[in-house]
Amino acid sequence: MLIGHQEIHPVFKWLWKIRCQPKYRVFFWPLINDRLSTRNILRRRHMQLDSYNCDLCNSLVEESANHLFVDCPFTRMCWDFIHIDIPLNNGFPELASQMKDQLNSQFFMEAIILLCWAIWSARNELIFRGVKLNLARINRVFFKELNLLQYRVKVGQEDHLFSWIQSLE
């Protein structure tokens with residue numbers, strides 16, 4: 001009564017129902033709360049870096065979670081893997097609802113999280129190890145992790161998941 005009632009976006013509920021490994025939930029939670037350690041967040045925490053710009057697209061745009069996972073031209077090519085057309089300048093969690101409608105599968109949240117993970121992993125490989133960006137590598141990581149879901153879904157859902165994965169490839 002003292003606090004009142006607050007509406008929670010459905011993406012927060014969907015996140016905790018996914019069938020992925022827990023590490024993906026832990027990764028996605030700060031992303032949808034705009035707390036993922038992008039360069040924008042590091043700047044806000046007064047951390048000194050050589051550049052705060054996005055390394056994926058080599059533009060003069062500051063790397064924020066919204067830019068990195070939505071607006072970056074390289075990332076937009078990654079979303080094309082799974083046939084997602086996302087409007088510019090939208091952020092999480094609103095985008096998750098739009099992606100749900102486009103993916104039209106009970107495994108939509110897993111696909112969103114795993115592709116974000118593949119993008120994040122590629123970004124970190126580029127920054128920390130100097131590994132060049134490669135769309136095919138991101139695609140492989142995404143589909144490898146998606147295929148591993150077959151071992152985590154409920155009995156009877158494996159065939160549905162497998163056929164949905166085949167439709168994405």
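The following legends describe views of a predicted model of a protein chain.

**View 1. Overall fold of the protein chain.** The secondary structure consists of nine helices and zero strands. The C-alpha trace spans about 50 × 50 × 25 Å along its principal axes.

**View 2. Burial and contacts in the protein chain.** Of the 169 residues, 44% are buried. Where contacts join residues at least 6 apart in sequence, 54% of them link residues at least 24 apart.

**View 3. Surface and charge of the protein chain.** The accessible surface amounts to about 9,700 Å², and carbon and sulfur atoms account for 53% of this area. There are 20 positive and 17 negative side chains, with the centres of the two sets 6 Å apart.

**View 4. Close-up of helix 2 and its packing partners.** Helix 2 covers residues 22-32, and its buried residues are Tyr 24, Arg 25, Phe 27, Phe 28, Pro 30, Leu 31 and Ile 32. An α-helix has 3.6 residues a turn, so residues three or four places apart point the same way. The buried residues of helix 2 pack against helix 1 (10-15), helix 4 (65-71), helix 7 (108-129) and helix 8 (135-148).

Terms used:
Residues numbered from 1 in each chain as written. Predicted model: local features only at pLDDT ≥ 70, side-chain atom pairs only at ≥ 80, totals over all residues. Heavy atoms only, no water. Helix = DSSP H or I, 4+ residues; strand = E, 2+ residues; numbered from the N terminus. Buried < 20%, exposed > 50% of the residue type's maximum accessible area, 1.4 Å probe, protein only. Contact = heavy atoms within 4.5 Å. Areas by Shrake-Rupley, 256 points an atom, 1.4 Å probe, with all protein chains shown as cover. Lys, Arg positive; Asp, Glu negative; His and termini not counted. Charge placed at Lys NZ, Arg CZ, Asp CG, Glu CD.
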